Amino acid sequence: MTRISVFPAVRRGFSALAGVLLGLASWQPLAAQQTGLLETRESIYNNIFIFGDGDSVTMTFGHNKRYFTESRMKLSDPGALSVEYTKYMTLGVAYPPKVERILEIGLGGGSTVSYLSSALPDASIVAVEIDKDVVELARKHFRFTESEKLRTAVSDGRSYLMRDNAMWDVILIDAYRGPFVPFHLLTREFYALVKSRLAPGGVVVQNIEPSTMLFDSATATLNSVFPSVDLYEGGGNVVAVGYSGPSLRQAELRERAARAQERHKFRYDLRTMVDARRVLQRPTGKVLTDDFAPVETLRAIEQKNEKWKDQTEAPR
Amino acid sequence: MQHSLLRGVLLFTLAVTLGFALMGFEMLASRYLYPYFGGGINTWASLIATVLVALMLGYLLGGALVDRTMSPRLCGMLLVAAGLYLFSIPLWVDPLFSWILTGVGDGMAGIVLGATTLLLLPLTLISVFTPFAVRLLLTSVTFGGRLVGYVYGVSTVGNVLGTLVTVFTLMPMFGSRALTMVFAAITAACGLVMILSHRFLRGPGP
């Protein structure tokens, strides 16, 4: 009994100490607070860690004692797309004849949709994010602001598409949970659903990590629904663009990119980016379905980063 | 002596097999739920809760039935019914889940309803087996504690194997629809074995 009565005293001691430490922290100049772990949150879906590093802020999901970068922003230049592949995600807007409606699955810090929204102020953009804490943290740390034209919906990407019949010109898919893509966002049935929500001429754009066997299955599955698949490499990731109809001639795509570039004055020039295009010709992976999708097994088999190019050819 | 040993072997084999199938179904159910309700901890919570409710109902029902009837045939018929229900899942799961998704949504109510329609009835019927096995094997109160321990221990070995082997080996090889039907057929086969060996399992008895 006597031992227990000691505890409150100890606790008081601790809280006094904590108070002093907090006082010190708030006394520090503002810039110093931007470095190190700014916030950690255990949400229902993820362990989210926000890191500051002087001029940049990074959102990561912790998994297996590693941090997987979901989003990064430069504080001095918040409009920049700091993660290389996200520049290529914006290439989707070069393909369709008109871009009035864009859907993104997987918000992260929101840099991609914010960038697109400022370049295409008339377009209606919806970002679907399963984790409401990710949306909150994007608002808090990434200056993500919603508007009439840029909205968010908290939902699983697939169940959002099933419940909402709206058609989109561009659907961007970047739904990673740490190192994983949930299996139900990588199957033939899912892509068929995506296709049914694309307006004529619309495209799906997906970020795929090329270092495991899962890449081969993901591109093969995309290709089983979309007859044309273009691949772009950006900062170690591969961005796939899928669309209906025959593969576009490179000259035609260049022309479309030039038109879109002229109209919207993108900071990252679409005309330069289309030159990195590779056309998927020989998908080698097994097509994934809702019935058969051993994503964990496939992801466990590593392969050389460059190997994906064997499946492709230069565009004509 | 020989007779009761064989009875024990048969009932423990059934316990392992049904334990395997039961957890196999739980893991397979996640594959049906993900596309509609997402793959988060909330889906797993609803799924696990549903399976535990089924176990509870099955134990209560099985206990009541075996004391009243002492009938392995009855237990077998319930297992065959569970097998038939499970076998039919791939036929109706997609239209039903899309209806739930639009009608109820993807919150807790939707996921629990989905998991319930998928598993509650058949897993209740499967877990009826455990009290039947205990009561059929129980010849003397002296061994009662050990016997209950064995039956639960052995069926839990089946549970563990069913969880691991299904996820790490069978699902990547065969896909979830085919596996559901195979497990369902195995469940029904266990039921048939009980119906056919009704007299043998019932034992000399009073």
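Me: How much of chain B counts as buried?
Reply: 42% of its 206 residues count as buried. Keep in mind that this is a predicted model.

Me: What secondary structure does chain B have?
Reply: Chain B has 8 helices and 0 strands. Along the sequence the pattern reads α-α-α-α-α-α-α-α.

Me: What does the C-alpha trace of chain B span?
Reply: About 55 × 35 × 25 Å along the principal axes.

Me: What about contacts in chain B between residues at least 6 apart in sequence?
Reply: Of those contacts, 88% join residues at least 24 apart.

Me: Switching to chain A. What is the strand order in the sheet?
Reply: The order is β1-β2-β3-β4, in an open sheet of 4 strands with antiparallel pairing. β1 (36-42) and β4 (66-74) of chain A are the edge strands, each pairing on one side only. From one strand to the next, the twist averages 20°.

Me: Which helix packs on that sheet?
Reply: Helix α5 (residues 132-141) of chain A. It touches β1, β2 and β3 (56-63) of chain A. The direction of α5 makes about 15° with that of β2(A).

Me: Back to β1(A) and β2(A). How many bridges join them?
Reply: They pair over 6 bridges, in the antiparallel sense. β2 covers residues 47-53 of chain A.

Me: Which residue in β2(A) does Arg41(A) stand opposite?
Reply: Ile48(A).

Conventions:
Residues numbered from 1 in each chain as written. Chains lettered and ligands numbered in written order. Predicted model: local features only at pLDDT ≥ 70, side-chain atom pairs only at ≥ 80, totals over all residues. Pairing = 2+ DSSP bridges. Helix = DSSP H or I, 4+ residues; strand = E, 2+ residues; numbered from the N terminus. Axes fitted to C-alpha atoms, helices over the stretch in contact; angles between N-to-C directions. Contact = placed C-beta atoms within 7 Å. Buried ≥ 20, exposed ≤ 12 C-beta atoms within 10 Å, placed from the backbone.
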